[in-house]
Amino acid sequence: MLFTSYTFIAFLCVMLAAYFLTPKRAQWITLLVGSYVFYAFAGAWYFVFILFTTVSAYIISRLLHRVKQKEDEYISSVKDTLGKEERKAYRARSKKKRFNILLWGLVLNFGVLAVLKYTAFAVTNANNILALFGKEAISVPSLLLPMGISFYTFQTCGYLIDVYRAKVEPEKNIAKLALFVSFFPQIVQGPISRFGELHEQLVAPHKFDLKNFTFGVQRILWGFFKKLVIADRVLVAMNTMLDAPENYKGAYVLLLVILYSIQIYADFTGGIDITIGIAEAMGIRLAENFDRPFSSKSTKEYWRRWHITMGSWFRDYIFVPISVTRPMLRLNKALTPKCGRLVASKVVAYTARTVTWLATGIWHGAGWNFIVWGLLNCLVIIVSESFEPLYKKFHDKFPRLTSSSAYGVFMSVRTFLLMSVIRSLDCYRNVPLTFSMWASMLTFKGIGDIFSGGALELGLGVSDFLIIFIAIAVVFVVSKISDIREKLYQRPVLSAALCVTLFISIIMFGAYSVGYDASQFIYNQF
Amino acid sequence: METVIKMLKELHPDVDFESADGLIDDGILDSLDIVSLVAEIDSEFGIVVPAEEIVPENFNSATALFKLIERLDEE
Amino acid sequence: MKKRIITGICAVLITALLLVILNGLVVPKYTDNAEGLLTREYYDEAGDHDVIFVGDCEVYESFIPAYLWEKHGISSYVRGNAQQLVWQSYYMLEDTFRYETPKAVVFNVLALKYGEPQSEAYNRMTLDGMKWSQSKIEAIKASMTEDEALIEYMLPMLRFHSRITQLTRDDFKYIFNAKKVSHSGYLMQKGIVPMTSAEEQGRNLRDYTLPQTAMDYLEKMRLLCQENGTELILIKSPTNSWAYWWYEEWDEQVREYSKENGLAYYNFIDDVEEIGIDYNTDTYDAGVHLNVYGAEKMTDYFGKMLKENHGFDEIEHSQAVASAWNARVEEYYKERNE
């Protein structure tokens, strides 16, 4: 069930009504049932996997909790009799035990994800190697990927780690945990929520609140606007270029790269707006996933503002643990006398970062393009970090220039282009092709072509470009006004007028129900 | 406490760590500094800072960091 | 709080109003292609017809109600559309019985060859003009091709919204009222393009069985007429071009069906000479359809048959009905002799 399908809109209306009509205490049950109905639309078979994740997470979290409880009880009972060192040793032993339990949970859940998502990729690559030795190829299995498995697996494993770290109390009721795993608005594309932030809200009763509801509906409309008016329209031109990349080289590559940035921004942030809006209408606050990412002045900043919940997941559960593991500490210690503490720390941090980005790339999809994409991001961050002293010198030398707003715009545009180009790897989905396209892009060939009518042969007409342009301008202006919703809430008439305009714009200018061609209705007689 | 300040000063000599209380939030310390600090705490105090303690609240000021070390030592 | 709620209600009303206007603007007006307007015109004349014709283009290009009235005093209406599928004809009949109970229903059998939904454009042209009823919903459900959705029929703008950037003067002119195009469902064609490829026949088929779905709807049509005490007459129009060939094998199946159920079935293909149709002058598209001159001959011939074989020789009409028909006859000749 796509967000942009009539079925989903109908489902959503029923869901919202059902949620507020359910007695407060049972509201969470309505949500769970709704989430499972939503999931059932994707395929009944997929339930096996999400139930597996739910049940295994439940068992593991209970076990972790029991060991921790025992540990705490023991420590408090022997507080006065046992020495500090012995207490520490006991804690370490118990922690080790908990770690082993956690490991089971992670291996099981990531294992399922890995098998389903990466088997085909692994076998294909193994075949390539086998072919080198003239061996016969293994048949590539085609496994169906359950809807949202990357998102719910990560969210659930985050929960397990939080229980292990004793940051959250594990849920006692498995049905309530099931809701955390399957909450329908966010299961397809995130945001990846933290148990500590989301769970209480999911199971708590929520009264109908006009303000929350209005805000939620506004946000949903805004999401649909971005998705339908901008993203799906831009997609038409992109698909034309991607269907025959050999015909669209030179400046066209740059056009594609920019269009893709616009498309993915509108599509992804629009989708998240819908997700957050749905939750908000019910009085549930989800974590924000974007913070005007295209205004970032550096790659590092960009990654703090784009797909925030994913970035912070990888930071908290992969980057940080790796950089403070004992082997890393030992490495740091060993290197420090030889090359100084700064370099030693750099080696450690960069290693952890590379692993993190590799994992980020792989998480995005089974393909070399994603791996290369992850590593390139990592490289850009490391390189720009290494040049930081140089930048600083430059900035100190020309303070007037570098503090001007034009320089800020320059930095944002630079970051935008850099990120856009790297991102085009998942457009072409083919690493050598992408590289050759980048090379051809640098020639800027055909730029005159684009402006002398070429752009209009990509499946979009003048009116389409006009609509896209105006819609982007609207998105830009809205992003510049802080607290826009609060401000509008004070002026209900204006707010209502804008909502009506937004709704009508979506209906009239959305690129939905595509494939419709006006000319097919103007034809000659039967 | 002095050791903590000294450790921090080594990383950023120009910052007044005695009063600063937004080291992470204001972007003074980055991930590289954290890695250094954790290594330093390990060699200086023999305390391993576990991953779950690496959160902004524990690194935002010298005092917070000192309290963290004390607490880890106590446990 | 109160103010907010009132504002909200106003916003909903204004939105609804805007949607109605915009919907009127973007739906196709079919000004270049009158075939999209046929269905809706029925409701202006619904009631008191002796005969209702249903079927595809072969009915609305072959039978002229005004002419049938003039020559034989039989009142009729043609509920036909381009590629009107059997189930569409069936639901159209259901719809018709809501307004009137004719003495006879005449169904042209060519559409029996289709057992599956065919084309969105034809669906739209046939169904969009129907008034809302359970029959229309069923007709839509039975006709939708893969990517169509019922809601897009209920709110046509969901389908046609992208025309907002291609509006023409006609879209404003006919925003809430369509142009009148037919004469009681007959669409006049005055051109003459002689048939040139009389020898060409239809290609061989792999399977000559008429689709079961189509036959099932024919059966439903029969039962519906039976219930209402209306006679169902099956016909095959006289045209038979290679593009829409009527196969012997199909004819046999229909013949058998009609015999089994005691229905009259007339295949006019072999009666062309008797009817007096000359394919040099009586077709506007090289033999695929009849033009107005051919249709007049066909109508006259069929009127005689109705009188001779189906008891239409002694029907009477009220003064009001007669004068309405005389006006239609006048209108008909006005366009014919223009």
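# Chat on a three-chain predicted model

Trainee: How many residues does α3 of chain A have, and how far does the helix reach?

Mentor: This is a predicted model. In it, helix α3 of chain A, residues 47-77, has 31 residues and reaches 45 Å from its first C-alpha to its last. That is close to the 45 Å expected at 1.5 Å a residue.

Trainee: Which residues of α3(A) are buried?

Mentor: The buried residues of α3(A) are F49(A), I50(A), T53(A), T54(A), A57(A), Y58(A), I60(A), S61(A), L64(A) and H65(A).

Trainee: Staying with helices, how do α11 and α12 of chain A cross?

Mentor: Helix α11 (residues 308-323) and helix α12 (residues 326-364) of chain A have axes that come within 8 Å and cross at roughly 150 degrees. An angle over 145 degrees counts as roughly antiparallel, so that is the term for α11(A) and α12(A). Their crossing is right-handed.

Trainee: Which residues make the contact?

Mentor: From α11(A), F314(A), I318(A), F319(A), I322(A) and S323(A) take part. The α12(A) side consists of M328(A), V348(A), A349(A), A352(A), R353(A), V355(A), T356(A), A359(A) and T360(A). By class, the contact of α11(A) with α12(A) has 10 nonpolar, 3 polar and 1 charged residues.

Trainee: Chain B next. At what angle do α1 and α4 of chain B pack?

Mentor: At about 125 degrees, with the axes of α1(B), residues 2-11, and α4(B), residues 62-74, 9 Å apart. The two helices are therefore oblique to each other. α1(B) passes α4(B) in a right-handed crossing.

Trainee: Which residues meet there?

Mentor: V4(B), I5(B) and L8(B) of α1(B) meet A62(B), L65(B) and F66(B) of α4(B). The contact of α1(B) with α4(B) has 6 nonpolar residues, no polar and no charged ones.

Trainee: How many residues of chain B are in contact with chain A?

Mentor: 14 residues of chain B are in contact with 16 residues of chain A. The chain B side divides into 8 nonpolar, 3 polar and 3 charged residues.

Trainee: How far apart are chain B and chain C?

Mentor: Their closest C-alpha atoms lie 39 Å apart, and no contact joins chain B and chain C.

Trainee: Which peptide bond is cis?

Mentor: The one from G190(A) to P191(A) is cis, with omega near 0 degrees. P191(A) lies in the loop between α6 and α7 (195-203) of chain A.

Trainee: What about phi at R292(A)?

Mentor: R292(A) has a positive phi of about 40 degrees although it is not a glycine. R292(A) sits in the loop between α9 and α10 of chain A. With 13 C-beta neighbours inside 10 Å, R292(A) counts as partly exposed. H307(A) also has a positive phi, near 50 degrees, and is a residue other than glycine.

Trainee: Is H307(A) buried or exposed?

Mentor: Buried, because 23 other C-beta atoms lie within 10 Å and the cut-off for buried is 20 or more. H307(A) lies in the loop between α10 and α11 of chain A.

Trainee: Last one, F294(A). Where does that residue lie, and in which loop?

Mentor: F294(A) is in the loop between α9 (251-281) and α10 (299-305) of chain A. F294(A) is partly exposed, with 19 other C-beta atoms within 10 Å.

Trainee: What does F294(A) touch?

Mentor: Not counting residues up to four places away in sequence, F294(A) touches Y265(A) and F416(A). F294(A) and M419(A) are 125 residues apart in sequence and 9.3 Å apart in space, C-alpha to C-alpha.

Key:
Residues are numbered from 1 along each chain as its sequence is written. Chains are lettered from A and ligands numbered from 1 in the order in which they are written. This is a predicted model: local features need pLDDT of at least 70, side-chain atom pairs count only at pLDDT 80 or more; totals for chains, interfaces and linings use all residues. Helices (H or I, at least four residues) and strands (E, at least two) are DSSP runs, numbered from the N terminus. The expected span of a helix is 1.5 Å times one less than its number of residues. A residue is buried if 20 or more other C-beta atoms lie within 10 Å of its own, exposed if 12 or fewer, and partly exposed in between; C-beta atoms are placed from the backbone. Axes are lines fitted to C-alpha atoms, for helices over the stretch in contact, and angles run from 0 to 180 degrees between N-to-C directions. Angles under 35 degrees count as roughly parallel, over 145 as roughly antiparallel, 65 to 115 as roughly perpendicular and the rest as oblique. A crossing is left-handed if the near helix is turned anticlockwise from the far one by less than a right angle, and right-handed if clockwise. Two residues are in contact if their C-beta atoms, placed from the backbone, lie within 7 Å. Ala, Val, Leu, Ile, Met, Phe, Trp, Tyr, Cys and Pro count as nonpolar, Asp, Glu, Lys and Arg as charged, and the others, Gly among them, as polar.
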